[in-house]
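Colleague: I would like to go through this model and hear what stands behind each label. Please take it residue by residue where you can.

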Amino acid sequence: MKFILATALAALTLSGCFPITRIERDRYTITQLDSTIRQNTQNIPGDRDNGVIYPSASSVDIHRQYVQHDSEVTRSYPAFLRLGGIETASFLTSGSSSRGTGNGLFGLYDLLSGKHLTNTKTFGANMYRLLPYEVRLRWLHDAPGWTIGTAGAELFLKQQDTTAELAPGGYLVGVLPLYIRKRFFLRDQIPFVMVQPFLGFGLFPSQYLNVGVTLDVGSYGGFNLRGYAGYVAGSSNLLRNSNRRHIDSADYSTAFPYIGIGISALDFVNKTEELFVEWKNQKHSALEVSVLNLDLVRSLSSNAQQFQSVAPGGATPAITGLIARLASATYPLPFGERRLFVGTSLVNLVALSATETGFGILPIRAGYRFNVLYDELNLEPFAELTYYPQSIVHIGARLSLPMFDFGTVNVVAGYARGAANSDIAFGLDNLGIGTSWSAGYIGIGIGIGDVFHSPAEVMR
């Protein structure tokens with residue numbers, strides 16, 4: 001498992017080499033020629049006889065100015081057909097009826113809870129993919145719809161039993177696998193609907209072949225839904241424990257057909273013609289897209305007193321917890337000024353204090369954006385419902401100000417009420433979490449990779 005994490009980290013580092021923007025430059029030489037002509041006429045002093053014409057003494061001064069300089073016009077275009085963040089899926093597959101991964105719908109539900117250690121048989125396999133990336137495959141005389149791409153890392157899990165360790169033959173891991181896909185659009189406007197047959201293979205650390213087809217619906221603010229059908233087969237012999245290589249006779253190969261459904265976040269899809277539209281003229285479907293919103297908060301309930309033992313002088317610390325939203329997006333409702341919005345996050349954590357903690361998958365968020373100052377400073381009252389694996393009702397307000405490219409500074413305040421779940425992974429159940437909790441809070445935070453669009457830009 002440590003080797004899998006190490007290879008995934010290396011893949012994330014290598015994936016930073018993928019180009020996102022294509023720059024075109026037009027260079028011109030500009031020549032400016034300016035001519036100034038000045039004519040001076042002087043009358044000769046003295047007496048003149050009438051009827052006699054005297055020539056006038058005149059002079060002409062011609063001044064020419066010649067200036068030449070270079071000029072460059074720069075235009076920025078997308079360089080990718082797909083640029084993704086996180087893609088997950090859960091599969092129905094053949095195999096033993098007594099075992100399964102147990103990570104629920106989309107491969108996410110139950111992922112962070114101890115329930116994934118039970119013998120479930122609903123989902124026999126899961127897939128996790130980080131940083132998928134695709135560009136045009138310009139073959140067959142530039143036939144439309146062909147893409148070639150890779151991913152930072154991808155992992156296939158099959159029939160994990162009740163042990164915490166991955167069993168031999170139960171996983172395939174790929175770093176920078178190669179995929180060829182063909183797009184058939186059923187709808188070519190956002191949200192796109194397309195069928196994509198694909199052929200892919202990985203060489204390191206597992207060697208495998210993955211062939212199938214997906215039905216894609218998206219990309220809407222970076223979120224996509226996908227249906228999968230395919231077959232994967234390969235071996236993970238390179239992941240065999242080197243200290244036991246001479247005695248380990250376990251079979252590290254696996255092969256299975258699959259059908260399932262998945263979701264991806266921070267996953268942006270372009271049509272080929274959009275590669276020739278400048279970034280500044282691209283269409284937007286979301287009011288906000290964010291990689292991570294992290295708020296440090298102070299709980300206003302008496303439960304925060306448990307931190308007295310670690311605070312200087314026994315005082316309650318200024319910060320008692322945090323609120324984190326990973327891979328989130330909000331979408332305007334199609335009426336009025338489009339300031340009413342709904343949205344979601346891939347994972348949401350509300351931890352106001354050690355005993356006021358809850359998390360959820362794909363919560364539902366609704367609110368309204370008040371423009372305080374030129375669509376830069378915004379106030380957003382909101383209500384959020386987290387329904388699984390814990391139930392949390394969360395209301396509050398957020399004041400956001402962009403401070404740098406792809407980032408914001410936030411001031412937050414609100415109230416949350418949740419029902420705790422003692423079956424949480426990572427030992428949180430040992431912290432004495434009660435059956436329910438409620439608390440108000442105030443705090444300050446930042447948005448990383450947080451991009452705001454005005455309602456006018458979304459309506460464009």
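Modeller: Ser219 is a place to start; its position is in strand S11. Bear in mind that this is a predicted model.

Colleague: What makes the peptide bond from Gly218 to Ser219 cis?

Modeller: Its omega is near -5 degrees, and the bond is listed as cis. Phe204 and Pro205 are also joined by a cis peptide bond, with omega about -5 degrees. Pro205 sits in the loop between strand S10 (192–202) and strand S11 (207–220).

Colleague: Why is His141 called exposed?

Modeller: Its relative accessible area is 83%. Exposed requires over 50%, so His141 qualifies at 83%. The residue belongs to the loop between strand S5 (125–136) and strand S6 (146–158).

Colleague: What is noted about phi of His141?

Modeller: Phi is near 55 degrees, a positive value in a residue that is not glycine. Ala327 is another non-glycine residue with a positive phi, about 55 degrees.

Colleague: Is Ala327 buried or exposed, and how do you know?

Modeller: Ala327 has 1% relative accessibility. The cut-off for buried is under 20%, so Ala327 counts as buried. Ala327 lies in strand S16.

Colleague: How much of the protein counts as buried?

Modeller: The figure is 43% of the 460 residues. The protein exposes about 23,700 Å², and carbon and sulfur atoms supply 61% of that area.

Colleague: What makes a group of residues a nonpolar core?

Modeller: The members must be buried, be of the nonpolar kinds counted, and be joined through side-chain atoms within 4.5 Å. The largest such set here has 15 residues, and those touching the most other members are Phe106, Leu108, Phe223, Ile263, Leu346 and Leu362. Strand S13 (253–265) and strand S16 (321–332) are the elements that give two or more residues to this core. S16 gives the most, with 3 residues. The core draws at least three residues from each of domain 1 (79–276) and domain 2 (284–309 + 317–459). Apart from this core lies another, of 13 residues, including Tyr179, Phe198, Phe256 and Tyr258.

Colleague: Why would such side chains be found together?

Modeller: In soluble globular proteins, nonpolar side chains tend to be buried together.

Colleague: Which residues is Leu346 in contact with, leaving aside its neighbours within four places in sequence?

Modeller: Among them are Ile86, Leu108, Phe223, Ala265, Leu326, Ala327 and Leu362. A contact needs heavy atoms within 4.5 Å. Across the protein, of the contacts between residues at least 6 apart in sequence, 66% join residues at least 24 apart.

Colleague: How do you know that strand S15 and strand S24 pair?

Modeller: Pairing takes at least two bridges. S15 (residues 288–299) and S24 (residues 436–452) are joined by 11 bridges, so they pair, and they run antiparallel. Asp295 stands opposite Gly445 in S24.

Colleague: What joins strand S23 to S24?

Modeller: There are 13 bridges between S23 (residues 407–419) and S24, and these strands run antiparallel. Gly414 has Tyr441 in S24 as its bridge partner.

Colleague: How many helices and strands does the secondary structure come to?

Modeller: The protein has 2 helices and 24 strands.

Key
Residues numbered from 1 in each chain as written. Predicted model: local features only at pLDDT ≥ 70, side-chain atom pairs only at ≥ 80, totals over all residues. Heavy atoms only, no water. Helix = DSSP H or I, 4+ residues; strand = E, 2+ residues; numbered from the N terminus. Buried < 20%, exposed > 50% of the residue type's maximum accessible area, 1.4 Å probe, protein only. Areas by Shrake-Rupley, 256 points an atom, 1.4 Å probe, with all protein chains shown as cover. Domains from an automatic or database assignment.
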